[in-house]
Amino acid sequence: MTGPSVSEPSAPESPVPEPPQSSAPDPRLVERVRVHVYREFAATGRPPTVLGVADRLGLRPLEAAAAFDALHAARHLVLDADRRILIAHPFAGIPLRFSVMGARTLWWGGCAWDSFAIPHLVSDEPTVLVATTCPNCFTPHAWVVSRDAPPAGQQVAHFLVPVARIWDDVVRSCGNQSIFCSEGCVSAWLSATGQERGYVMSLETLWLLARGWYAGRLDTPYERREPTRAAEYFASIGLSGSFWGLPDAGRPNAGLPDAEAGPGVSGSPAPS
Ligand SMILES: [Zn+2]
Ligand SMILES: [Zn+2]
């Protein structure tokens, strides 16, 4: 890191200039920005900004903006139109129904999956309090989630959007990976909202899913999971069926990832 050198005074006519469309930023710079963003988000609970990152890393705002765009395109970040970070999985910059409180840090957990993942990823926050409300009846629920074992509880997680479709609208998908009081509350909510049932799992399965999913994300370099490895990961914790891009249980060759994957989905599942 070169330290905060000359942080460019925002030119009045163009505070955050638009990067030229054609110039792809240096991949090493993009990775440097990625890991900085993730580590700062992990440490503070708040999403870094383009200008903040430029200042901290001694970059021109234009370089930082181009790196943010590249990270958005590669699905390492989810940005809004003003390049604010909405989600840097498993951290969220906006409320999506979950809070995650560590000993020193408070985060918005993006969803059930992300919230349960944070204690596994943030090395000095091994135990957190995850809180949410049932989307159906608004009963409050909270669990102490640690790395040692799944939290006790009869509640169930319901994921609405199949993994192949998660990135069609990732904020909606994340916002619909919820925890309900029971199967009964899932069914009541689905019929009240006119939606198809997605996938229901126990808190134990949710914890297993979250445990290793984001491993390495605070390290550099970091390689995203490829689809085949994601399928292996899902299968390794006992998931099956087309919702996960896997064969149904007992049907070894059915339902593998294929052309059903929607536009822009092939090549990078990295869901949640
Ligand atoms: Zn409920
Ligand atoms: Zn999520």
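The questions and answers below concern a predicted model of a single chain.

Me: How many helices and strands are there in the chain, and what share of its residues count as buried?
Reply: The chain holds eight helices and 10 strands. Among its contacts with a separation of 6 or more, 60% are between residues 24 or more positions apart. Of the 272 residues, the share that counts as buried is 40%.

Me: Which strands are the edge strands of the open sheet?
Reply: The sheet is an open one of seven strands, whose pairing is antiparallel and whose order is β1-β2-β3-β5-β4-β6-β7. An edge strand pairs on one side only, and that description applies to β1 (78-79) and β7 (140-146).

Me: Which residue of β7 stands opposite alanine 131?
Reply: Strand β6, covering residues 127-133, pairs with β7 in the antiparallel sense, and seven bridges are found between the two. Across this pairing, the residue of β7 that stands opposite alanine 131 is alanine 142.

Me: What is the bridge partner of isoleucine 87 in β3?
Reply: On the β1 side, two bridges join β1 to β2 in an antiparallel arrangement, and there isoleucine 87 of β2 is the bridge partner of valine 78. Strands β2 and β3 also pair in the antiparallel sense over two bridges, and they form a hairpin with two residues between them. In β3, the partner of isoleucine 87 is alanine 92.

Me: Which residue in the hairpin of β1 and β2 takes a positive phi?
Reply: Most residues other than glycine have a negative phi. The hairpin of β1 and β2 has five residues between the strands, and one residue in it takes a positive phi near 60°. That residue is found in the loop between β1 and β2, and it is arginine 83.

Me: Is arginine 75 buried, exposed or partly exposed?
Reply: Arginine 75 is found in the loop between α3 (61-73) and β1, and it has a positive phi of about 65° although it is not a glycine. A residue needs 20 or more C-beta neighbours within 10 Å to be buried and 12 or fewer to be exposed. Because arginine 75 has 19 such neighbours inside 10 Å, it counts as partly exposed.

Me: Where does proline 90 lie, and what is the omega of the bond that joins it to histidine 89?
Reply: Proline 90 lies in the loop between β2 (85-88) and β3 (91-92). Although most peptide bonds are trans, the bond joining histidine 89 and proline 90 is cis, with an omega of about 5°.

Me: Why are the buried residues of α7 on the same side of the helix?
Reply: In helix α7, residues 203-213, the buried residues are Leu203, Leu206, Trp207, Leu209, Ala210 and Trp213. They are on the same side of α7 because the arc they cover around the axis is only 165°.

Me: How many residues of α4 are buried?
Reply: What covers the buried residues of α7 includes α4 (112-121), along with β8 (156-159) and β10 (199-202). Helix α4 is itself mostly covered, and its buried residues include Trp113, Phe116, Ile118 and Leu121. The count of buried residues in α4 is 10 of 10.

Conventions
Residues numbered from 1 in each chain as written. Chains lettered and ligands numbered in written order. Predicted model: local features only at pLDDT ≥ 70, side-chain atom pairs only at ≥ 80, totals over all residues. Helix = DSSP H or I, 4+ residues; strand = E, 2+ residues; numbered from the N terminus. Arc of directions from axis to C-beta. Contact = placed C-beta atoms within 7 Å. Pairing = 2+ DSSP bridges.
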